[in-house]
Amino acid sequence: MRILDLTLYNFRNYEALQCAFDPGINLFIGENAQGKTNLLEAVCYLSRGAAFRTRKEAELIRFGSEFAELEARVFSYDREQRMKAVLFAGRRPRQLFLSGVKKLTREALDGVLNTVLFCPEDLSVLKKGAAERRRLTDDALCQLRPRYAKALEEYRRCAAQKAAVLREWHDRPGLLDLLPEYNERMAQTGAIIIHSRAGYLRHLAAYASAHHAAFTGDSERLELNYQTVSTVADPAAPAERIYGWLREHQESHRQAEIAAGQCLSGPHKDDFELTINGLSVRTYGSQGQTRTAAISLKLAERDLFEQDTGEQPVLLLDDVLSELDAGRQDFVVNCIRSGQVLITCCETDRVTAAGRTFRVESGTVRPVED
Ligand code: ATP
Ligand code: MG
């Protein structure tokens with residue numbers, strides 16, 4: 001899938017913009033605070049119905065304006081469609097349109113334009129806590145597998161209720177009678193979660209390490225290890241087997257959970273560890289290595305999406321080039337050949353890209369002639 005063109009009115013610092021994209025690589029060069037990230041944010045908003053830097057729609061409307069309009073012509077599944085969003089200042093709800101027809105729910109636009117986004121904040125996924133890494137896996141799996149989203153929702157609900165019991169049983173000991181029911185449902189849904197995460201991460205790892213090897217001229221080997229509940233001997237085993245291992249773990253942690261007043265057993269504590277040439281990226285990865293690994297994971301995410309839906313999502317890479325050496329920069333702007341890619345970078349990055357280059361300046365975007 002690809003975006004043919006984008007039209008913006010009063011979106012962030014764009015008063016009026018019309019921009020036609022290349023089907024391949026599009027490089028947006030500009031100084032700080034000119035509107036590069038705002039451009040990707042507009043594309044992302046149309047794709048997902050939400051901005052990536054804010055939850056507040058009012059922030060997306062140009063200062064002093066009453067409304068903002070975003071429109072894109074998109075080519076996907078062998079046809080051209082127009083996506084449009086109108087955002088209003090104040091309380092009036094936004095309006096969404098697909099090829100001129102008003103849509104009442106965001107879901108009606110799902111899948112028309114899929115995007116995979118890399119933004120510098122994603123680096124924290126690799127450097128910070130396990131919760132961020134779980135979110136990365138869960139977000140992708142929820143989009144791809146409705147059964148997973150359902151299991152995760154039920155697991156989270158049970159885990160929250162169990163946590164409340166473990167916190168409050170001192171005052172109301174009768175609450176402990178509820179634990180077996182919560183444990184049973186958490187083992188059932190937890191088994192589906194672990195089985196799905198193992199499968200997804202195995203495929204993600206295979207694609208990501210191939211990208212990472214190409215990125216680094218085979219000098220770095222990227223590996224990804226899934227870490228889950230200790231009694232689960234094989235996370236890729238059928239969910240029925242994982243269920244038994246989870247029950248075993250719950251049983252052995254029963255007293256500890258009651259004493260600690262916390263839920264200690266289950267996949268809500270899962271993590272995945274990335275290593276480069278055997279060393280943990282989190283602990284030992286250099287800035288460039290961490291960035292390379294994060295981009296490789298994004299490329300892999302795009303591969304998996306394509307495998308599942310038959311269409312390659314548009315890749316949005318915000319400020320991806322800083323901290324990369326010349327060879328790795330060249331890989332990003334010249335070697336991600338397949339599908340459409342939108343890349344932003346600063347003047348200082350001094351790269352020349354295959355495809356089309358644009359200059360972004362004070363809310364304007366102009367193609368750079370060769
Ligand atoms: P950098 O290289 O520093 O990342 P950038 O080109 O990506 O810069 P953007 O994040 O796109 O910059 O922001 C450009 C400008 O848009 C900022 O100076 C910001 O103040 C301005 N801006 C953000 N929201 C609005 C808004 N609602 N109305 C008007 N201007 C806005
Ligand atoms: Mg930016």
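Is cysteine 346 buried or exposed, and what is its relative accessible area? Cysteine 346 is buried, at 18%, where buried means under 20% relative accessible area, exposed over 50% and partly exposed in between (1.4 Å probe, protein chains only).

This is a predicted model, so local features need pLDDT of at least 70 and side-chain atom pairs count only at pLDDT 80 or more, while totals for chains, interfaces and linings use all residues. Residues are numbered from 1 along each chain as its sequence is written, chains are lettered from A and ligands numbered from 1 in the order in which they are written, and side-chain values use heavy atoms, with hydrogens and water left out.

View 1. Take a disulfide as a pair of cysteine sulfur atoms within 2.5 Å, and the count comes to zero. For cysteine 346, the nearest cysteine sulfur belongs to cysteine 345, 7.1 Å away. Cysteine 158 is in no disulfide either, with the sulfur of cysteine 263 its nearest at 9.9 Å. Cysteine 158 is buried, with a relative accessible area of 0%.

**View 2. The two domains.** The chain splits into domain 1 (2–114 + 311–367) and domain 2 (124–284), with bounds from an automatic or database domain assignment. Their centres, taken over C-alpha atoms, sit 33 Å apart.

**View 3. The largest pocket.** Its volume is about 1,500 Å³. Of the 46 lining residues, Arg48, Ala50, Arg135, Asp139 and Gln143 are the closest to the centre. A pocket here is an open set of points on a 1 Å grid over the protein atoms alone, where a 1.4 Å probe fits, with protein on both sides within 12 Å along at least five of seven lines; lining residues have an atom within 4 Å of a point. Grid points are joined across faces, edges and corners, and the volume is the space filled by probe spheres set on them. Helix H3 (130–144) is among the elements that each supply at least two lining residues, and H3 gives the largest share, nine residues. Helices (H or I, at least four residues) and strands (E, at least two) are DSSP runs, numbered from the N terminus. Domain 1 and domain 2 each put in at least three residues.

**View 4. Arginine 133 in helix H3.** Arginine 133 lies in H3 and is buried, with a relative accessible area of 3%. Skipping neighbours within four places in sequence, arginine 133 is in contact (heavy atoms within 4.5 Å) with Val125, Leu126, Lys127, Lys128, Asp271, Phe272 and Arg282.

**View 5. Histidine 212 in helix H5.** Histidine 212 has its place in H5 (residues 179–215) and is buried at 0% relative accessible area. Leaving aside neighbours within four places in sequence, its contacts are Glu220, Leu222, Ile276, Gln289, Thr292, Ala293 and Ser296.

**View 6. The buried residues of helix H10.** In H10 (residues 326–335), the buried set is Arg328, Gln329, Phe331, Val332, Val333 and Asn334. These pack against strand S3 (25–30), H5, H9, strand S12 (314–317) and strand S13 (341–346).

**View 7. Two aspartates with positive phi.** Aspartate 78, in the loop between strand S4 (67–76) and strand S5 (79–88), has phi near 65°, a positive value in a residue other than glycine. Aspartate 78 is exposed, with a relative accessible area of 72%. Aspartate 319, in the loop between S12 and H10, has phi near 50° and is partly exposed at 28%.
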